[in-house]
Structure formats: structure tokens, C-alpha cells
Amino acid sequence: MSTRFRAILLLWSIEGGTLIIIIAASTGYLYQDGVGDIAHRASETVQLLRNSLTEPMISRNYELASYVARTAFDEILVLDRLIVVNNEGDVISDYQRGHNLYSTNHITVSSPIFLADNCFGVVDASYSTEFALMDAREHATVLSAFAVIGMACSGIVAWYTLSKWAETIGGVQHGICQIAEGETPAEFVEYHKDDELGKLVYSYNRLINQVHRRQTWVT
């Protein structure tokens with residue numbers, strides 16, 4: 001395997017590992033933040049439902065209580081299930097969405113319906129976390145796509161740069177081999193950057209210049 005391939009694989013492994021950590025961390029944070037937001041909204045919604053159901057539950061107007069629960073369930077699409085139970089344990093209303101019956105991605109919030117020290121029932125609301133999971137998946141997909149594009153672009157740039165370096169190093173190597181065989185390289189190596197490779201090329205060109213001067217002196 002050539003130096004170029006090894007360098008690109010090393011670059012990709014470093015970039016890939018870094019991007020995987022970034023994608024995993026940001027996706028996990030986004031999901032946890034979404035779940036936390038859903039839990040907060042679920043708590044607020046149950047409080048509003050409890051306040052709306054207090055009067056009909058106290059007056060035992062269970063038809064109105066069921067209507068209030070049904071209206072809330074229809075309007076809040078992320079609700080998996082909504083159950084209202086009176087103080088005797090009878091179910092006043094129980095609404096659930098068919099496509100989420102077997103979903104394990106939900107948050108359940110329970111709140112008693114009470115006035116003073118008297119409890120008139122309980123409202124249980126199960127919120128779906130599938131939307132948070134969907135957002136996290138879309139986030140990971142988009143980041144992964146950008147990561148692949150970025151790694152492809154960096155690979156192209158690295159290949160071009162390493163090809164230039166390999167060409168320069170190859171020229172130096174060929175000239176040194178000629179000197180070792182008793183020949184004198186006719187051309188200097190062109191490289192105009194002030195880095196490690198530039199210093200090597202500078203030293204090599206000085207060596208070639210000295211060899212040419214010695215031949216002139218001998219002549």
C-alpha cells in the first residue's frame with residue numbers, strides 16, 4: 001500500500017471517529033432535549049385537563065367529562081392514550097390511538113382531580129416520544145450525509161496534496177540514486193513552501209549545486 005493510501009486512510013479514520021462522536025453526542029442530546037420538552041408539555045397538558053375536568057367530575061357529569069377528554073385527545077396528536085377514572089375506580093373515558101397501541105416510546109403522566117382534600121378522579125395521559133425519535137434520526141441522517149461529503153472532499157484534497165508531495169519526494173529520491181551511481185542530476189527539484197519537505201528539497205538542491213561546482217572546478 002502506498003504512502004498516499006495510508007495517509008488518506010489515517011485521515012479518514014481520524015475524521016470518521018471524530019464525526020461519529022459528534023453525531024452520536026448531538027443526536028443523543030437532541031433526543032433527550034426533545035423528550036424533556038415532551039415531558040414538560042405533558043405535565044402542563046395534564047394540569048389543564050385536570051382543571052377542565054374538575055367541575056364535571058365534582059358534579060358527576062361524566063358525559064361532559066368524557067366530551068372534554070375526547071376533545072383534548074383529538075386536538076393533541078402526540079397523545080398515545082388518555083384515561084379518566086372517577087373516585088370509585090370506574091373508567092369515564094379511555095381513548096387511544098391504534099397505531100401507537102404497541103409503542104414503547106411514550107411518557108405517562110398521572111394527576112388526581114381534587115378539590116380541597118377530596119379526590120374526585122384521576123386523569124392519565126401517555127405522550128408519544130416518536131416525534132422526538134424521528135427528529136433525532138433525521139438529525140443523524142443529515143449529519144451523516146454531510147460527514148460523507150466532507151470526508152470525500154477531504155480525501156480528494158488529501159490525494160491531490162499527497163500526490164504533489166510524492167512527486168517531489170520521488171524527484172529527490174531519483175536524484176539521490178543518480179548521485180549514488182556516480183551520475184549528476186541535471187535538474188533541481190521545484191518546491192517553494194517553507195515546511196519540512198521544503199527544507200529537504202532545499203538541502204537536496206544545495207547538494208546538487210555543490211556537485212555541479214565540483215565538476216566545474218575539476219574541469
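Which residues have the most contacts inside the largest nonpolar core? The model is a predicted one, in which local features need pLDDT of at least 70, side-chain atom pairs count only at pLDDT 80 or more, and totals for chains, interfaces and linings use all residues. Residues are numbered from 1 along each chain as its sequence is written, and side-chain values use heavy atoms, without hydrogens and water.

The chain holds four helices and four strands. Both are DSSP runs numbered from the N terminus: H or I over at least four residues for helices, E over at least two for strands. Their order from the N terminus is α-α-β-β-β-β-α-α.

The C-alpha trace spans about 120 × 30 × 20 Å along its principal axes. The radius of gyration of the chain is 36 Å, whereas a compact globule of 219 residues would have one near 17 Å. This radius is taken over C-alpha atoms, and the globule rule is 2.2 Å times the number of residues to the power 0.38.

Of the 219 residues, 32% are buried, that is, under 20% relative accessible area with a 1.4 Å probe and protein chains only. The accessible surface of the chain (Shrake-Rupley, 1.4 Å probe) is about 14400 Å². Carbon and sulfur atoms account for 60% of that surface. Contacts are heavy atoms within 4.5 Å. Among those between residues at least 6 apart in sequence, 62% join residues at least 24 apart.

The largest nonpolar core has 26 residues. Such a core is a set of buried Ala, Val, Leu, Ile, Met, Phe, Trp, Tyr and Cys residues joined through side-chain atoms within 4.5 Å. Leu53, Met57, Leu82, Val84, Val123 and Tyr127 have the most contacts inside this core. Two or more residues come from each of α1 (3–58), α2 (62–75), β1 (79–86), β2 (91–96), β3 (106–115) and β4. Helix α1 gives the most, with seven residues. Beyond four places in sequence, Met57 touches Tyr62, Ala65, Val84, Val85, Asn86, Ile92, Ile113, Phe120 and Gly121. A second, separate core has seven residues, among them Val172, Tyr191, Leu197 and Tyr204.

Ser126 lies in strand β4 (residues 118–128). Ser126 counts as buried because its relative accessibility is 13%. Leaving out residues up to four places away in sequence, Ser126 touches Val78, Leu79, Asp80, Arg81, His106, Ile107 and Thr108.

Definitions and conventions. Buried means under 20% relative accessible area, exposed over 50%, partly exposed in between (1.4 Å probe, protein chains only).
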